[in-house]
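Hi there,

Here is the structure I promised to pass on to you. Have a look at it first, and then read my notes below.

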Amino acid sequence: MSKSQYLETILSGIIKASKLYPTILVKLLPSIDRSHGLKAGEETISIVLESLKNEEFKNIIKGIDFSGNPEKGKFYEFKDLLNKCRNSGLQLAVHCGEIRNPCEIRDMLEFGMDRCGHGTFINDHNLENLMKKNIPIECCLSSNVACGTVKDFNEHHFHQFFTRKHPVVICTDDFGIFSSNLSSELIIAANTFSLTKTDILTLCLNAINASFASLDEKKCLRKKINYYFK
């Protein structure tokens with residue numbers, strides 16, 4: 001199966017599922033894997049941009065995820081490609097600060113992103129820059145502990161962002177690998193950092209605000225969450 005066929009199959013499956021389960025909202029962020037090199041990334045984006053010509057697909061693909069092994073590939077090599085995505089109306093979720101690389105982190109933050117993946121080793125001037133730009137952080141507690149980038153849950157950087165009222169979102173990273181769903185991650189956060197019901201509501205609303213859904217979709221989601229927490 002080609003990349004194009006694979007993407008079309010996923011998108012068609014999402015459309016079919018949305019008709020069976022209309023209350024579940026699904027968006028898709030195809031990934032540029034930095035470890036596969038620029039040429040592979042260009043191929044992926046070419047397929048994505050072609051898919052956007054389909055109106056149904058366009059409502060599902062709302063952004064691009066820049067990820068992959070942070071020790072492979074150079075971020076600056078992908079800047080033009082990411083700019084192409086941005087100019088095509090796609091938002092950017094960039095894995096940033098997964099390892100200690102302050103120069104690349106600075107470069108990424110100066111380039112800009114709509115969401116920051118992990119942000120484990122963002123500190124000093126880069127941290128202040130991130131907070132000044134108010135970029136939401138995707139925190140993956142189980143993933144970071146399992147991968148060894150964070151010693152344990154108590155030392156997770158989620159807490160410093162949350163206590164400073166920075167927009168932070170609890171995420172699962174990869175259910176297939178880490179066997180953790182969103183409810184489990186929220187429970188871990190609540191138990192580790194003594195979060196209140198109001199704190200959990202804040203995290204849920206943060207997730208909606210940071211999502212790449214439309215304004216109307218976000219409004220609907222907020223209404224559902226607020227009703228649930230009554």
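**Asparagine 126**

Asparagine 126 counts as buried, because its relative accessibility is 8%. Please keep in mind that this is a predicted model. You will find asparagine 126 in helix H6, which covers residues 124-133. Where does its side chain reach? The side chain of asparagine 126 comes to 3.1 Å from the backbone oxygen of proline 102. If you leave aside the neighbours within four places in sequence, asparagine 126 is in contact with Pro102, Ile105, Arg106 and Leu109.

**The cysteines**

How many disulfides does a search of the whole structure find? The answer is zero. Cysteine 96, for instance, is in no disulfide, and the nearest cysteine sulfur, that of cysteine 116, is 4.4 Å away. Cysteine 96 is also buried, at a relative accessible area of 0%. For cysteine 171, the closest cysteine sulfur belongs to cysteine 140; the distance is 5.0 Å, so the two are too far apart for a bond, as a disulfide needs sulfur atoms within 2.5 Å.

**Helix H11**

Helix H11 takes in residues 197-210. Its 14 residues should span 20 Å at 1.5 Å a residue, and the end C-alpha atoms are 20 Å apart, which agrees. Which residues of H11 are buried? They are Asp199, Ile200, Leu201, Leu203, Cys204, Asn206, Ile208 and Ala210. The buried residues of H11 pack against several elements, among them strand S4 (115-118), helix H10 (182-193) and helix H12 (215-228).

Enjoy exploring!

Methods:
Residues numbered from 1 in each chain as written. Predicted model: local features only at pLDDT ≥ 70, side-chain atom pairs only at ≥ 80, totals over all residues. Heavy atoms only, no water. Helix = DSSP H or I, 4+ residues; strand = E, 2+ residues; numbered from the N terminus. Buried < 20%, exposed > 50% of the residue type's maximum accessible area, 1.4 Å probe, protein only. Polar contact = N/O pair within 3.5 Å; in protein donor to acceptor, adjacent residues only side chain to side chain. Contact = heavy atoms within 4.5 Å. Expected span 1.5 Å × (residues − 1).
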